[in-house]
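Work through the exercises below with the sequence and the model in view. Each task is followed by its solution.

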Amino acid sequence: MDIQFLGTGAGQPSKARNVSSLALKLLDEINEVWLFDCGEGTQNRILETTIRPRKVSKIFITHLHGDHIFGLPGFLSSRAFQANEEQTDLDIYGPQGIKSFVLTSLRVSGSRLPYRIHFHEFDQDSLGKILETDKFTVYAEELDHTIFCVGYRVMQKDLEGTLDAEKLKAAGVPFGPLFGKIKNGQDVVLDDGTEIKAADYISAPRPGKIITILGDTRKTNASVRLAVNADVLVHESTYGKGDEKIARNHGHSTNMQAAQVAEEAGVKRLLLNHISARFLSKDISQLKKDAATVFENVHVVKDLEEVEI
Ligand SMILES: [Zn+2]
């Protein structure tokens, strides 16, 4: 499982940073890629990665500001132009209004897609668990921005323990149906009377990963709730230390506030994105240094950077 950042800038594109989008690559887990936000030019960034647009099966939108959604019509149209590839449906999750934005853009530009889009819109009253599959559950909660904006908590379900085939063979269990029984947790008795306890041959279940991806927000308790015990928290850092007042006025956070959220939630790692173009490279190292005084395992991400979870 990896996160690849497609756009890490705030508000408008700069030479170094495109506007918001990131890909949660779940290729080993479910052979899918989930996009979070889709700012203008996201499809161009994707061209610089190994991501195949057809693998993008779900798109989660945090809020309807342009720097988070203007890339959707272009991406959705290009996704249709993949010769010789099967056309697969796509799900879009986001605030009420996202459906009308996408359908209007496609209609007035005469774009017809050869695949179906399933929209899952929500508002303040319909948040909580927004998706559950056999492997993942996704929750959304409202943050504190200048318009309705959410954060997402993606929880992988616990991974089943694996069967130790070598150990079973060594214990004299013949390869065949008995393996299946033991894998299902059944104890068995061999022909020679040996008792085989399934639990001795199956490793303990491994806890699934928790990934928290927030939209634009002031510091709020909702962020902490979404991030509790997360393996990775992706948090905006539009402003730096000392800018708390201006951050509040514009509905954003500073690096220090993001670090406080990470600390309060007990996350393992904090990745800062949504970085203003005002920050030069020396400022970026300062952003990290200052945040690290509150939460040590912090990193300011760059466009196209890939982080293994
Ligand atoms: Zn915004």
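**Exercise 1: the zinc site**

His63 and Asp216 are both buried, where buried means under 20% relative accessible area with a 1.4 Å probe and protein chains only. The model is predicted, so local features need pLDDT of at least 70 and side-chain atom pairs pLDDT 80 or more, while totals for chains, interfaces and linings use all residues. Residues are numbered from 1 along each chain as its sequence is written, and side-chain values use heavy atoms, without hydrogens and water.

Task: state which residues coordinate the zinc ion and how the donors are arranged.

Step 1. Take N, O and S atoms within 2.8 Å of the metal as donors; water is not among the atoms, so sites may look incomplete. His63 (NE2), His65 (ND1), His145 (NE2) and Asp216 (OD) coordinate the zinc ion at 2.2 to 2.5 Å.

Step 2. The four donor atoms subtend angles of 86 to 172°, so the arrangement is irregular.

Step 3. His63 lies in the loop between β4 and α3, and Asp216 in the loop between β12 and α8, so the pair ties together parts 153 residues apart in sequence.

**Exercise 2: helix α10**

Task: why is helix α10 largely enclosed by the rest of the structure?

Step 1. Helices are DSSP runs (H or I, at least four residues), and strands are runs of E, at least two, numbered from the N terminus. Helix α10 covers residues 255-265.

Step 2. Eight of its 11 residues are buried, so α10 is largely enclosed. Among them are Met256 and Val261.

Conventions:
Donors are N, O and S atoms within 2.8 Å of the metal (3.2 Å for Na, K and Ca); water is not among the atoms, so sites may look incomplete. Four donors count as tetrahedral if all angles lie between 85 and 135 degrees; four count as square planar and six as octahedral if opposite donors are over 155 degrees apart and all others between 65 and 115; anything else is irregular. Buried means under 20% relative accessible area, exposed over 50%, partly exposed in between (1.4 Å probe, protein chains only).
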